[in-house]
Amino acid sequence: MKAQDTTSEFDKNFTHVVYFWLNNPDSEQDRADFLKSLNKFMENSLYAKTKFIGEPAGTPREVVDGSFTYSLILSFPSKEIQDKYQKEKAHLKFIEESEHLWKRVQVYDSVGIK
C-alpha cells in the first residue's frame, strides 16, 4: 500500500486510529476504489506523521476484533495539529469520495502519557 512507503517516525503525542467496515467487503472494485482514495489522501495530508493502512491480521483470539475491512493509524505531534487535519482539504475530499463505500467507521483517539 503506497501510503506506507512515506511513513515517518511514530509521534507518541497523539494517535488517531480508524477502523472501516465496507458495505461490500468482498467487492474487489470497492476495495480498489477505497484504497485508491485513501492512498491519495495519505499522500496529500499536510499533518499526519505516521501513515499506516492495514487489514485484519488473522489472529483469532477472544479479545481480537477482526471484523473490520481496513484500519488506518495516524500520529500527530499534538491535538491541535490533529484538529487541523480534521479540516484539511485532503481529509474532507477522502470522506466525500469514499463515504458511500463504508457502512461503519470507528475512531479511537489517544494522547500519550507523559
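What follows is a short walk through the fold, the nonpolar core and a few individual residues of this structure.

The model is a predicted one, so a local feature needs a pLDDT of at least 70 and side-chain atom pairs count only at pLDDT 80 or more, while totals for chains, interfaces and linings use all residues. Residues are numbered from 1 along each chain as its sequence is written, and side-chain values rest on heavy atoms, with hydrogens and water left out.

Starting with the overall layout, the protein has three helices and four strands, where helices (H or I, at least four residues) and strands (E, at least two) are DSSP runs numbered from the N terminus. Read from the N terminus on, the order of elements is β-α-β-β-α-α-β. The radius of gyration is 14 Å, close to the 13 Å that the globule rule gives for 114 residues, so the protein is as compact as a globular protein of that length. That radius is taken over C-alpha atoms, and the rule itself is 2.2 Å times the number of residues to the power 0.38. Along the principal axes, the C-alpha trace spans about 40 × 35 × 25 Å.

As for contacts (heavy atoms within 4.5 Å), 80% of those with a separation of 6 or more are between residues 24 or more positions apart. The accessible surface comes to about 7,200 Å², and carbon and sulfur atoms own 51% of that; the areas come from the Shrake-Rupley method with a 1.4 Å probe, and for residues only the protein chains shown count as cover. Of the 114 residues, 36% count as buried, with buried meaning under 20% relative accessible area, exposed over 50%, and partly exposed in between (1.4 Å probe, protein chains only).

Next comes the core. A nonpolar core here is a set of buried Ala, Val, Leu, Ile, Met, Phe, Trp, Tyr and Cys residues joined through side-chain atoms within 4.5 Å. The largest one has 20 residues, and the members touching the most others are Phe 20, Phe 34, Leu 38, Phe 41, Leu 72, Leu 74 and Phe 94. At least two core residues come from each of β1 (14-22), α1 (28-44), β3 (70-76) and α3 (89-98). Helix α1 gives the largest share, five residues.

Phe 20 sits in strand β1 and is buried at 3% relative accessibility. Leaving aside neighbours within four places in sequence, the contacts of Phe 20 include Phe 34, Leu 72, Phe 94, Trp 102 and Val 105. Phe 68 is 48 residues away from Phe 20 along the chain, yet their C-alpha atoms are separated by 5.8 Å. Phe 94, with residues up to four places away in sequence not counted, touches Phe 20, Phe 34, Ser 37, Leu 38, Phe 41, Glu 99 and Trp 102.

Val 105 belongs to strand β4 (residues 102-111) and is partly exposed, at 33% relative accessibility. Beyond four places in sequence, Val 105 touches Val 18, Tyr 19 and Phe 20. Val 105 and Val 17 are 88 residues apart in sequence, with 10 Å between their C-alpha atoms.

Gly 54, in strand β2 (residues 51-54), is buried with a relative accessible area of 6%. Lys 87, in helix α2 (residues 79-87), is exposed at 67%.
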